[in-house]
Amino acid sequence: MRVPKVVVAVFVILGISLIVLNLALVRQDRVLANRARGYELNLQPFQISDYAPPFSGTSLSGERVFLNYQSGPSTTLLFVFSPTCPECTVNWSYWEQILKRRDPVHTRLLALNLGPGLSTNYVTQLDLSNTEVFTPESHGVYRYLFRYTPQTVLIGTGGKVEGAWFGVLHPADVKQIEEQTEPTHVPSPSERPAS
């Protein structure tokens, strides 16, 4: 049975049209992905090597808290969350993993609530007993340009930003955070090689 040339021509034209359309969609996808990355970068309050300004807020007990990176441990790990944020719920398992492995002498933990309805019950349920939890004052949110949750920010000596992760964390992010919060090991005299 011979297929008429017209039918073959139609299938060839359709095939070429589909390939061209597919290539155009791939190109458009790349353009949109780049725009999305640019938009996401605009939402990020910190870039690596920026300096995080001090700011104040209110603790769960209603006390005024002042956040200063000049005193205390050399590293601060800031968890920015909201009780109404579903992505934060996903991140809590990763944050718990980080909390269990961090060195409390070298790393201060701060949980910064940007949402309404934070209760002591919520904090107890998340087991944030070794973490300072507070709600920032509005000018602090403005100074930090916090726009969405969740965020995980690693702040080093003097307030220098050493790492910033936005949105849901991935296992590779957790590993990187754990590596960056490990204290620098200084060998004892018995560990140093003999000269």
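Start with a pairing. Strands β6 and β7 (residues 161-166) are antiparallel partners, joined by five bridges. Strands count as paired if DSSP finds at least two bridges between them.

A word on the source. This is a predicted model, where local features need pLDDT of at least 70, side-chain atom pairs count only at pLDDT 80 or more, and totals for chains, interfaces and linings use all residues. Residues are numbered from 1 along each chain as its sequence is written, and side-chain values use heavy atoms, with hydrogens and water left out.

How confident is the predictor? pLDDT is its confidence in each residue, from 0 to 100. The protein chain has a mean pLDDT of 78, with 78% of its residues at 70 or more. Residues 185-195 stay under 50, and the model gives them three contacts beyond four places in sequence. A contact means heavy atoms within 4.5 Å.

Now the overall layout. The protein chain has five helices and seven strands. Along the sequence they read α-β-β-β-α-β-α-β-α-β-β-α. Of its 195 residues, 35% count as buried. Buried is under 20% relative accessible area, exposed is over 50%, and partly exposed is in between, with a 1.4 Å probe and protein chains only. Take the contacts with a separation of 6 or more: residues 24 or more positions apart account for 70% of them.

Back to β6. Five of its five residues are buried. Gln151, Val153 and Ile155 sit on one side, Thr152 and Leu154 on the other. In a regular strand, side chains alternate between the two faces of the sheet. Val153 has a relative accessible area of 0%, so it is buried. Val153 and Val80 are 73 residues apart in sequence, yet 8.1 Å apart in space, C-alpha to C-alpha.

What is on the other side of the β3 story? β3 and β6 run antiparallel, with five bridges. Phe79 has Thr152 of β6 as its bridge partner. β3 also joins β4, this time parallel, over seven bridges. There, Leu77 stands opposite Leu109. Seven of the seven residues of β3 are buried, so the rest of the structure largely encloses it. Thr75, Leu77, Phe79 and Phe81 point one way, and Thr76, Leu78 and Val80 the other.

One stop in β4: Thr107 lies in that strand. Its relative accessible area is 0%, so Thr107 is buried. The side chain of Thr107 reaches the backbone oxygen of Thr181 at 3.4 Å.

Last, helix α2. α2 bends by about 35° at Trp92. That bend is the angle between axes fitted to the seven residues ending there and the seven starting there. Buried residues in α2 are Cys88, Asn91, Trp92, Trp95, Ile98 and Leu99. Their cover includes β3, β4, α3, β6 and α5.

Note on methods. Helices (H or I, at least four residues) and strands (E, at least two) are DSSP runs, numbered from the N terminus. pLDDT is the predictor's confidence in each residue, from 0 to 100. A polar contact is a pair of N or O atoms within 3.5 Å; within protein, one must be able to donate a hydrogen and the other to accept it, and residues adjacent in sequence count only if both atoms are side-chain atoms.
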